[in-house]
Amino acid sequence: MRSLHWTRRCYQSSQLPCAITNSRKLLSLRVQRHASRQSSPGFSASGPANPRPFKGKSPAFDGSKPSESPHKSVEEDTSAKPSSNNILNRLRIRPGKVILFSILGYLGYKVYTWQTDPYRSLILNSKFFTPFILEKREKVSSTSAILNLLSVPPGQNTENVTEAWKKGVWSVQVMQPELQIARSYSPLPPPEDAEPEQLRLFVRQEPQGEVSTFLHKINRGTLVHLRGPHLEYEIPQDVDDVLFIAGGTGIAPALQLAHTLFKHRISSLEDGPRLRILWANRRREDSFKGLKAQHSQEAVIPRLRGLAARWQGSAGPQSKEAQEDVPAPTNQSQTALVEEVESLKIKYAGKVNIDYFVDEDNSYITETVLRNHLTSIEHSLEQTAEDQPTRKRVILISGPEGFVNFYAGPKFMKGGKEVQGPLRGILGKIDLRGWDVWKL
Ligand SMILES: Cc1cc2nc3c(=O)[nH]c(=O)nc-3n(C[C@H](O)[C@H](O)[C@H](O)COP(=O)(O)OP(=O)(O)OC[C@H]3O[C@@H](n4cnc5c(N)ncnc54)[C@H](O)[C@@H]3O)c2cc1C
């Protein structure tokens, strides 16, 4: 401000040489001010101003390291704590690229594990639901049908299903796609000419039952999703006698067991174990043209009528519509399932025995019936085998929950798992002497 004042005074007095001298003074003053700003105390709060402000060497000019620069204190402070950005900057990698490569790497890993997952090639697996196509549905009675399912795509690995057939009784879960709920079903043994990728389910349609109704309503060609196999009972290798008490669709595991015992376990029929099946149905049509029930005389006892109602459990009475659907017995042929059951007796003559019981005919599996069967098995063994005390014997019960409870007592949930629970019911009253019992 002082120099400007001088300059103005000089012009006002028209003293030009004075003005030139003042301008020179002003210019030199400005240069000094600029120099002092360059060596500003802002860089060094307490230290003296740079004694050689214009002669200071810039690293850009002489190639010396940043530490030799007059501005080094600031640069050292920022590089002392390297941030991830600094590292990426030094490596010339942009964060966007890192994210992109991470996603690509993850997707690559997923594709690799999916390709090499042993479950992927299996027809069925216990982890995921896999698709099958409904090829055929054969009506067995007014309420039940056999569904033929084929795995898609064909040619998949059937190893685990073959293994399940060798072990014993197993099931698959079927998914109802809209409600996303699943129920268990026991596949029927494959017929002689069956494709390995084929599974057959014997399903009774429960009134208001979600999954069973879905399976009875879908059209041929519909995809059905299955998960399994789930082993329900591994048949002991050394079993000699099996008594199988089956209620309704509970015949499916009995046929599985026969398949395992006689198809996979024995080298000759003579060495094979003996299987006796007691099959109870509510309605005549379910086992029509099976052998006449042997115990119908004692079934006339009125008390027994109540027993059937007890094991029928949750299914409740048949609807009027369903009753009208029942074909007249005189026009009926042997059902597909009875045919299969009967064929066992022919194929494995002397080893397999089947008795039918029908509520409508007042024939029931009573305590007396059970006692008689157990006695007759023991009696026949006395005549055929000397080592009978060492024989391995098993009683299996399969059917609706009420049926199993009625004969052997309920199963329990323990620690999130289903356990057998104590033996109760009719079998709980009988001295079983060496027979093991398994509730399915
Ligand atoms: C290991 C295993 C193997 C099996 N194998 C077979 C097999 O081979 N074949 C077979 O047919 N079954 C089999 N079952 C039974 C099967 O899993 C189902 O329980 C059966 O099909 C009924 O299922 P759902 O979904 O149709 O009936 P759900 O919907 O579960 O209904 C069950 C019952 O409750 C009643 N109910 C449901 N909703 C209502 C309502 N709103 N009001 C009143 N009542 C109602 C229905 O009437 C029905 O009787 C097996 C079960 C197990 C555990």
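A residue is taken to be near a molecule or strand if its C-beta atom, placed from the backbone, lies within 6 Å of that molecule or strand. The structure is a predicted model, in which local features need pLDDT of at least 70 and side-chain atom pairs count only at pLDDT 80 or more, while totals for chains, interfaces and linings use all residues. Residue numbers start from 1 along each chain as its sequence is written.

The ligand is surrounded by 22 residues, of which E206, G209, V211, S212 and T249 are the closest. At least two residues of this shell come from each of β4, β6 and α8, and α8 provides the largest share, four residues. Helices (H or I, at least four residues) and strands (E, at least two) are DSSP runs, numbered from the N terminus. On this basis the protein has 15 helices and 14 strands.

Seven strands make up an open, antiparallel sheet with the order β4-β3-β7-β1-β2-β6-β5, where two strands pair if DSSP finds at least two bridges between them. β4 (181–185) and β5 (187–188) are the edge strands, each pairing on one side only. β4 runs antiparallel to β3 (residues 168–176) and is joined to β3 by five bridges; Q176 has I181 in β4 as its bridge partner. Helix α8 (residues 210–217) packs on the sheet and touches β2 (144–151), β3, β4 and β6 (198–204), with its direction at about 80 degrees to that of β3. Helix α7 (residues 159–167) lies across β3 and β7 (223–234) and runs at about 35 degrees to β7. Axes are lines fitted to C-alpha atoms, for helices over the stretch in contact, and angles run from 0 to 180 degrees between N-to-C directions. Contact requires C-beta atoms, placed from the backbone, within 7 Å.

The largest nonpolar core holds 70 residues, among which F244, I245, W279 and Y407 touch the most other members. Such a core is a set of buried Ala, Val, Leu, Ile, Met, Phe, Trp, Tyr and Cys residues joined through C-beta atoms within 7 Å. Helix α9 (residues 251–265) contributes the largest share of this core, seven residues. The core lies between domain 2 (122–233) and domain 3 (236–439) because both give residues to it; the domain bounds come from an automatic or database assignment. Leaving aside residues up to four places away in sequence, F244 touches A254, L257, L275, I277 and L396.

Notes:
Buried ≥ 20, exposed ≤ 12 C-beta atoms within 10 Å, placed from the backbone. Contact = placed C-beta atoms within 7 Å.
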